[in-house]
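Take a look at the model below. We will start with its charges, then turn to its fold and surface.

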Amino acid sequence: MTGNDSEMIKEMIDLFLLQLKEMRKEFGILIDAENWTELSRSAHKVKSSALVMGAESMVNEMKELELLAKEVKNTEKYSEYIARFNTMADMVEVELNAYLTSVK
């Protein structure tokens with residue numbers, strides 16, 4: 001996909017890190033507003049980006065959340081999915097920032 005273009009890889013990582021930061025805020029807002037349609041869409045967006053970045057655990061969690069929110073099932077568990085997302089995002093950020101530091 002990137003043809004091993006290091007600048008393109010860095011740009012993709014930077015964009016993903018920015019998306020994670022934005023999603024942390026957005027997920028909280030959507031949960032508070034009980035906006036399940038947008039929660040489903042946001043989970044789908046993160047899932048797609050996480051797939052490209054190889055964050056498979058995050059992909060699986062976001063796929064489950066996307067489907068549950070789309071069908072408005074088990075709404076009481078959505079906060080648990082977001083908490084796990086935040087934990088995974090912390091780990092992914094550390095790994096990706098370490099990579100970015102090593103290639104500078």
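The protein chain carries 13 positive and 19 negative side chains. Lys and Arg count as positive, Asp and Glu as negative, while His and the chain ends are not counted. The centres of the two sets lie 2 Å apart, with each charge placed at NZ of Lys, CZ of Arg, CG of Asp or CD of Glu.

This is a predicted model, where local features need pLDDT of at least 70, side-chain atom pairs count only at pLDDT 80 or more, and totals for chains, interfaces and linings use all residues. Residues are numbered from 1 along each chain as its sequence is written, and side-chain values use heavy atoms, leaving out hydrogens and water.

Confidence comes next. The mean pLDDT (the predictor's confidence in each residue, from 0 to 100) is 93 for the protein chain. A value of 70 or more is reached by 95% of its residues. Helix α1 (residues 6–33) has the lowest confidence, at a mean of 94, and helix α3 (residues 56–71) the highest, at 96.

Now the fold. The protein chain has four helices and zero strands; these are DSSP runs, numbered from the N terminus (helices: H or I, at least four residues; strands: E, at least two). Along the sequence the pattern reads α-α-α-α. The C-alpha atoms fill a box of roughly 45 × 20 × 20 Å, taken along the principal axes.

Last, burial and surface. Of the 104 residues, 35% count as buried, meaning under 20% relative accessible area (1.4 Å probe, protein chains only). The protein chain exposes about 6500 Å², by the Shrake-Rupley method with a 1.4 Å probe. Carbon and sulfur atoms supply 52% of that area.

Technical notes
Buried means under 20% relative accessible area, exposed over 50%, partly exposed in between (1.4 Å probe, protein chains only).
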